[in-house]
Amino acid sequence: MSAMELEPQTKTSQRSAPDTVRLTTAQALVRFLNQQYIDVDGEVTPFVEGIFAIFGHGNVLGLGEALQEDPGHLNVYQGHNEQGMASTAIAYSRQLYRHKIFAVTASAGPGSANFVTAAGNAYVNNIPILFLPADTFATRQPDPVLQQIEVDGSATTTTNDTLKPVSKYWDRVERPEQLMSALLKAFEVLTNPAMAGPVTIALPQDTEAQAFDYPRSFFKKRVHVVKRIQPSAAELAEATRLIKASSYPVLIVGGGAKFSEAGPAIEAFSDQLKIPIVETPTGKSTVSSAFANNMGGTGVLGTAAANDVIAKADLIIGAGTRYTDFTTASKTAIDPEKTHIININLNRMQSYKFDGFPVVADVRDTLTQLTNALSGYESGFTDLVDIKAAWQKERNRLAHTNYDAPDFTPEVKNQFSPETLAEYAAKLKTHFTQTEAVIAVNDTIDPDSIMVAAAGSLPGDVQRIWDPVEPNTYHMEYGYSMMGYEVPAALGVKLAEPDKESYALVGDGSFIMLHSELVTALQYHKKINILVFDNSGFASINNLQMAQGSNSYLTEFRTADHDILTIDFAKIAEGYGAKTYHANDRESLIAALEDAKKQTVSTLIDIKVLPKTMTQGYGQSWWRVGVSEVSDNPKVQKAYRAIQEGIDQAFKYYEKTAKGAINMVVKVGVIGTGAMGRAHIDRLTNVLNGAKVVAVTDINQEAAKAAVRDFKLDAKVYPDDTSLLQDPDIDAVFVVSFGGAHEATVLKALDTDKFIFTEKPLATTLEGAKRIVDKEMGKPRKVIQVGFMRRYDEGIHALKTQLDSGIIGTPLVVRASHINPDVAANYSNEMAITDTLIHEIDEMHWLLDDDYASIQITYPRQSSKVNNEGLRDPQLATLTTKKGVVIQVLVHVTAQYGYEVKLEVVGETGELKLPDYGFAPIVRTQATQQTAMETSWVKRFLQAYNTEVQEFIDQVAKNESPIGPSAWDGYIAAVTAEAGIRSQKDQEPVLINVAATPAFYQKKQAVKA
C-alpha cells in the first residue's frame, strides 16, 4: 500500500460510487440515527432526540469526532455519571410514552460497566434506550489496552459482555459493514411496544474510526409504524363472557395501559360498567385520582380502598400489568378459588400469568371494544363512593399526624422506642412526620407538575397518599426500584416536558448514592426541583429488618460512636450552584415550595423528617421475604413461622395437568414413608413448586400417619398401594418403598393413567426390570422416571457439558470413587453393587453415551474396619464400554473419614476432573491444612434431588413424558448390576449384552391428546 493510500480521506475527496458514501462507522451511526422516525396514531416525529455522552479514550476520537463534525438534529449533552445520564435517558423516554429515545455513550471499561444498573432498570420497565459503549480493539493488535479486562477462557469477552443479560438486543460491531444489520435489528426492538427495552451496540474503538462505502439507501428516512394490535373475535367473545358472568370485576391499570395512553378508554369502561380501577406503581396517573371509580394503588403499597375491592373481586382484568409481588402481595391478594383472570397485554408471556385468559392486544382499543360489547352490564359494586371516602378520611389523618400530640404513635409501630425517636427529633432538629410532608408537597405544587420517585419508603407513601389529578404526572420507577434514579430522572422528565415543573422525591440514602446529573441540569439550564427527605438512614430496609424480628443493624446512619449522622444536603447543592432551602415543618416546607416555583435555576429542599412516620400496610400487604430459618432470636423464629403461614395461603399455579384441565398443582401420592419417602414429602411440600402430596401409604400405617402429621399434610392415608393407585385425583405417584416392593407397585401403577417416579432400583431382578419395560412400551408414551439423581448434580452435569463439547477429545479412561464412612448392619456384599455402584453404573452410561461390554469386580486387601459378615471392602469395579473406554470405580463403604464421590475423565487431549465438594473453609494452621467433609449423601446431593424432582413435576404439570432417567435406563442398570454380582463370585470379567435401545425410548414422546 502506498503512502498516498494511507492518508486520511474526506467525504468530498472520496472514491465512492455515486450510490455510496464513504463514512467512518461512527459517522454512519450518527447519520442513521438522524433518519429514524416513529409513527404513532398517524403522527410522525423523529425517534432519536439526542445522545448523552461521557467521552474517554474509547469513544472521543470516533463517535465524539463524528458528533462534533455533524450531529444533525441530535441534541448532545455531556453527562457526569454513566448510570446517571442513562437514567436521564430512560426517564425521558418513559415520560413520552416510549415515543422518543436518547442514546448514551461511554468509554471502554469502567465507564461502560456503569451502564449495567441502568440497563437493568430499562429492561425491567420495558423502556427503549440505545447504549453505545466503546469497546476494545477489534483487531486486538494493542491488547491489552488501558481499562481492558482479560478473560483466560475467551479473547472475545470484554466489559461490555456484562450488558448482555440486561439488553433486549446486544451486538458488537467489529467491521464497519456490520453496523447496517445491527442497527436495523436494534431499531426493530426499540420501536416494538411488546418487546421494547435496552439495546446495546458495542463499538470497538478502531472500528468506530474505520471507513466504509455505505449504500446511500441505508440513510433514507425510515418511519417505524407502531401498530395497535387488535383483539381477535375469539378473545373479545371470551373476555365479554367472563365479565358478564362476574359480579365484582376489578380492573388493574398497569404500565402497559399508560404506554397505550388508555386513560380515556379506561374511564369510559369503568364509568359505564361500574367497574372500579386500581393502579400499579407504573400505571398510576393513567387515570386522574379524582376519577370517582379510581381506588388508588393496589397491593403491598396499596390504599385500603384498592385492597378492599381486590379482596371482593371475582374477576381481575389486568390491563398491561406484570403482576409483580408488590401488586399481588406475593400472590396472596388474589384468591384463585373464586377469582378469574383476564390479561390484556401486548406481551404474550405477560398475558399468560396467573393462568388467566390471555388477550394479546392493545389495552386502549381492547377496552373500547369491550365497553361497546358490554352495553347494559353493570357490576355489583354499589359502595364505591363510600369506600373511596373512607380512604380520603384516612389520608386526611395522615396529613395531620403530630409528633407533639400526647397520644402520638408512629405509623410504623413497635420498632423504635420513644427515647430513640426523641433522639432523632433532637439530632435532626425536627418534629416533622413523613406523611405530613409528602401530602403537603402534593397539595402545594402545581397540578401539572411531575413527581418522580423510585426507592426507599417514599414509593409506599406516594403510591398510597399522592393524588395525581393530571394525567402522566406520576413518574414512579418501581420495577427495578433503582436507588439513585430520582435526580437524573427528574432531568429526563424536564427534557421531555420542559414547560412543566419536575420534582424528584428522594430519600437521603438514594440521594447520596447518585445525584451527579444535578450538575448536568445546572450546566444546561434545565430547572429541576429536588426534595430530599432526610431521616438519616435506609429507613425502608430498617422497617423491613425490624418487622421480621431482627435488630436494627447497619440500616441507620450512625457514626462509629453511635451518634446519628447529620448531613446538610442543602449545602451540598448550594456548592453546585442550586437554590436551596431547609424545612423541618409544614410551614417552612410550603414556603420553600412556593419560592422554588419562582426560581429559574434548579432547587433543592432539605426536608428533615422523623423515621417510622411513613405509611404502613393497608389490607393486602403481605410480602414474601427470605427470613432466616435458623436463628437464636425468638423474634426471627416467630417471623419465619409467619412467612411460612403466608406461603401456605399464596397462589401456587402450574400449567395443565394430565387431566387436561387448568389446575394449580400436581397431586402426588407417596408410596413408602421411610427416610427417603419423608425426604421427598418434605421437598414436595416445603421446597419445590407445583406439587401437593394428597395421599400416602406405607406397610407401617403408623409411619404413614406420622408423615401426614409431621408435615401438616392435607392428605389421605391409604391402607396399601393398590387402594392409593385407584384414587382418580392423583396425577403422579412416588414409589419410595422397600426396593423389593418396587416392581409390583410400578406394574400396578402402569395399569392407571398416572405418571410414576420410582426410586432405584427399578426392580431387584433383571426379569422384573424387563417386565416393567415391556409393559410401559404398551402405553402411548413414557410415564416412568427412575431416581438416578447423579445426572442432576451441578458439578457432574457441568463436567458432561465440557466432555460433550470435545474440549478433551475422545474419552479414553474414567476413574471414579464412591466413598462412605460406614454402612448399616444389614448391608451385604451384593449391596455394594445394587445400592452403591448402581449410581456409577447409570452415571457412566449417561456420561459417555456408550453401552457396557463387560464388568469385573476385584477385591483389594480387606479393610479391618469391616464388621458385616460376608462383606468385602473395598471393591474395585472395572467396566469396559463397546467403544473401548475403560472405567475404574473404587467402592469403599467403610472408609471412616467421610462421604465423597470422585470423578476424572482422561481424554486424548486433556482431562476433566470433578472438583472437591464442600463449603467448609480450608484451615491452615501450625504447619497443617484441613477442611471439614460431608458424612453422608444427604447434603452432598440435596440440590440434585431437588432439581430431579422439580423437573419431573414440571413435566407432569405440562402433561408431557418425563425426560429424566427412563425405565430403559433402569433396565440397563439392572443388567449391569446382575453381571457385577456374578463377577463378585470369582472376580472374573462378565460380558454384558444389552439389546439396542427400543425406538420407544429413543424419541421424545408426544403429549397425549
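In which hand does H4 pass H20? The crossing is right-handed, a term for a near helix turned clockwise from the far one by less than a right angle, with anticlockwise being left-handed. The model is predicted: local features need pLDDT of at least 70, side-chain atom pairs count only at pLDDT 80 or more, and totals for chains, interfaces and linings use all residues. Residues are numbered from 1 along each chain as its sequence is written, and side-chain values use heavy atoms, without hydrogens and water.

**View 1. Helix H4 against helix H20.** The axes of H4 (residues 82-95) and H20 (residues 486-496) come within 7 Å and cross at roughly 45 degrees. Axes are lines fitted to C-alpha atoms over the stretch in contact, with angles from 0 to 180 degrees between N-to-C directions. Contact (heavy atoms within 4.5 Å) involves Gly-84, Ala-91 and Tyr-92 of H4, among others, and residues including Pro-488 and Leu-491 of H20.

**View 2. Asp-365 in helix H15.** H15 spans residues 363-373; helices are DSSP runs (H or I) of at least four residues, strands (E) of at least two, numbered from the N terminus. Asp-365 has 15% relative accessibility and counts as buried (under 20%, 1.4 Å probe, protein chains only). Beyond neighbours within four places in sequence, Asp-365 contacts Arg-228 and Gln-230.

**View 3. An open six-stranded sheet.** The order is E26-E25-E24-E27-E28-E29, with parallel pairing (at least two DSSP bridges between two strands). Strands E26 (716-717) and E29 (784-786) are the edges. E27 (residues 732-735) and E28 (residues 755-758) pair over four bridges. Ala-732 has Phe-755 as its bridge partner in E28.

Definitions and conventions
Buried < 20%, exposed > 50% of the residue type's maximum accessible area, 1.4 Å probe, protein only.
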